[in-house]
There are 2 protein chains.
Amino acid sequence: MEDSPARAPSGAVGLTYLVAASQILGLAVVTMTGAWMGQYRGGIAWDSSKLQLNVHPLCMVIGMVFLQGDALLVYRVFRNESKRSTKILHGLLHALALVIALVGLIAIFQYHKKQGFPDMYSLHSWCGFLAFGFYFIQWLLGLCFFLFPGASFSLRSRYKPQHVFFGACLFLVSVATALLGILEMLLFKIRDTYSAFAPEGILANLLGLLLVMFGAVVGYVLTRDEWRQPPLAEELALSTDFKTLTEEGSPTSSR
Amino acid sequence: MEDSPARAPSGAVGLTYLVAASQILGLAVVTMTGAWMGQYRGGIAWDSSKLQLNVHPLCMVIGMVFLQGDALLVYRVFRNESKRSTKILHGLLHALALVIALVGLIAIFQYHKKQGFPDMYSLHSWCGFLAFGFYFIQWLLGLCFFLFPGASFSLRSRYKPQHVFFGACLFLVSVATALLGILEMLLFKIRDTYSAFAPEGILANLLGLLLVMFGAVVGYVLTRDEWRQPPLAEELALSTDFKTLTEEGSPTSSR
């Protein structure tokens, strides 16, 4: 983002309102997905050759969108709490998101098998495969670097900006994949009435817009400098060390 | 994004490589869209009841994705040039993007009219309408705040972070809309062979992944602190003024 030399004096109040807005949007997204499946797609059932399909969108929206987004927000919501507790909550929320998403993936593959439909040919499935695969890898890397005591402090500090960027990236790709999933389901299920503005199509389109808004609000909260977690004293010290090293042109090969 | 206390000494070389990668990806996206339309969709023609459809994806990808992305990158590529020249280039690239996208929009509406197809019912069209509409509004606001001499310096400085965030947001929504457009076209045109991994489907899916990569590389370059344009001296001074005002709790009503 661009530098913001003159920051408005927007404190914790703005953050509270925006986090509240994100939760309202996130819950609306989950509720609306459930309402869509319940009202127009016959409901949800695991042991059904048809209704198992509907488990997929609900699980993916809860796991890959709502919980993933909330896991990113914990560093802003609890920015004055102990860093270790926040880190554990962040990791647990992502783990829960991964498990729920996995259930959603099993549902869609089992449904395809029961119906004799091919797997993994659409753009939605390709984006979803990448999002879930890299999300799992990112979670494992996060665990190794930040929760297990093995990684050195300087290694952690160098990996952290990459972890943060790819985390935000994966969240946005997950939101885009959800949009693709909505469109794919509509074009498979109500292709003829969709163009006549059928209520189901309008509901699902509105769900898509709410997903975009959820992504935007989470993105806004994450990118505001003034709501970042204050760095630890040792991070500041390390930052100064790095600066000194860089300014003095010390040999990088020795590190 | 999270704070990165220990920045790696990655200078202009890393930026150069990533900007080069973004341009290769961007050109690949445009070329691949053209190849898709040329090879599988019968080519492009304005005065045709069928081929006018194909003008739409090409124009939208050039305008709303490639040029919009490049307009965001100019502040990183020319970060040591005069701020005024960079600003004018930024505005001109966005203007060109808007004009090309407008041609793409006229193409799709004329095609729909010729074919008797309804407009604006799909999630792709809803997202596209919002992306284009807000992109135009954002461009007008940018023009009023940053290029016309009317706006005060403090007003500019307060609007700038919002302009930057919404600009990045609109770019990402444009990329997501392009993904929706790819899926929509595939499900309308090759629904039966898409699931059998038809070459056209694979080409278009790969185009989708390249679009995601273009968005990610542009996003990465924009969010790195070390590649930001250095603030002007007067911006730094103003920043200090604001800080003093905030710390002293001066009345905001007088401003």
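Here are a few questions and answers about this predicted model.

Me: How many helices and strands does chain A have?
Reply: Let's read along the sequence of chain A together: the pattern is α-α-α-α-α-α-α-α. Counting up for chain A gives zero strands and eight helices.

Me: What percentage of the residues in chain A is buried?
Reply: Chain A has 255 residues. A residue counts as buried if 20 or more other C-beta atoms lie within 10 Å of its own. By that test, the buried share of chain A is 35%.

Me: Are α1(A) and α2(A) roughly parallel or roughly antiparallel to each other?
Reply: Helix α1 of chain A covers residues 12-40, and helix α2 of chain A covers residues 55-77. Their axes come within 10 Å and cross at roughly 170°. Angles over 145 degrees count as roughly antiparallel. The two helices, α1(A) and α2(A), are therefore roughly antiparallel.

Me: In the contact of α1(A) with α2(A), how many residues are nonpolar?
Reply: On the α1(A) side, the contact includes Leu15(A), Val19(A) and Gly26(A). From α2(A), the residues include Ile62(A), Phe66(A) and Asp70(A). Setting aside the two charged and five polar residues of this contact, the nonpolar number is 13.

Me: Which residues touch the most other members of the largest nonpolar core?
Reply: This core holds 113 residues. Leaving out residues up to four places away in sequence, Leu179(A) touches Gly208(A) and Leu211(A), along with Leu123(B), Ala176(B) and Leu180(B). The residues that touch the most other core members are Leu179(A) and Leu179(B).

Methods: Residues are numbered from 1 along each chain as its sequence is written. Chains are lettered from A and ligands numbered from 1 in the order in which they are written. This is a predicted model: local features need pLDDT of at least 70, side-chain atom pairs count only at pLDDT 80 or more; totals for chains, interfaces and linings use all residues. Helices (H or I, at least four residues) and strands (E, at least two) are DSSP runs, numbered from the N terminus. A residue is buried if 20 or more other C-beta atoms lie within 10 Å of its own, exposed if 12 or fewer, and partly exposed in between; C-beta atoms are placed from the backbone. Axes are lines fitted to C-alpha atoms, for helices over the stretch in contact, and angles run from 0 to 180 degrees between N-to-C directions. Angles under 35 degrees count as roughly parallel, over 145 as roughly antiparallel, 65 to 115 as roughly perpendicular and the rest as oblique. Two residues are in contact if their C-beta atoms, placed from the backbone, lie within 7 Å. Ala, Val, Leu, Ile, Met, Phe, Trp, Tyr, Cys and Pro count as nonpolar, Asp, Glu, Lys and Arg as charged, and the others, Gly among them, as polar. A nonpolar core is a set of buried Ala, Val, Leu, Ile, Met, Phe, Trp, Tyr and Cys residues joined through C-beta atoms within 7 Å.
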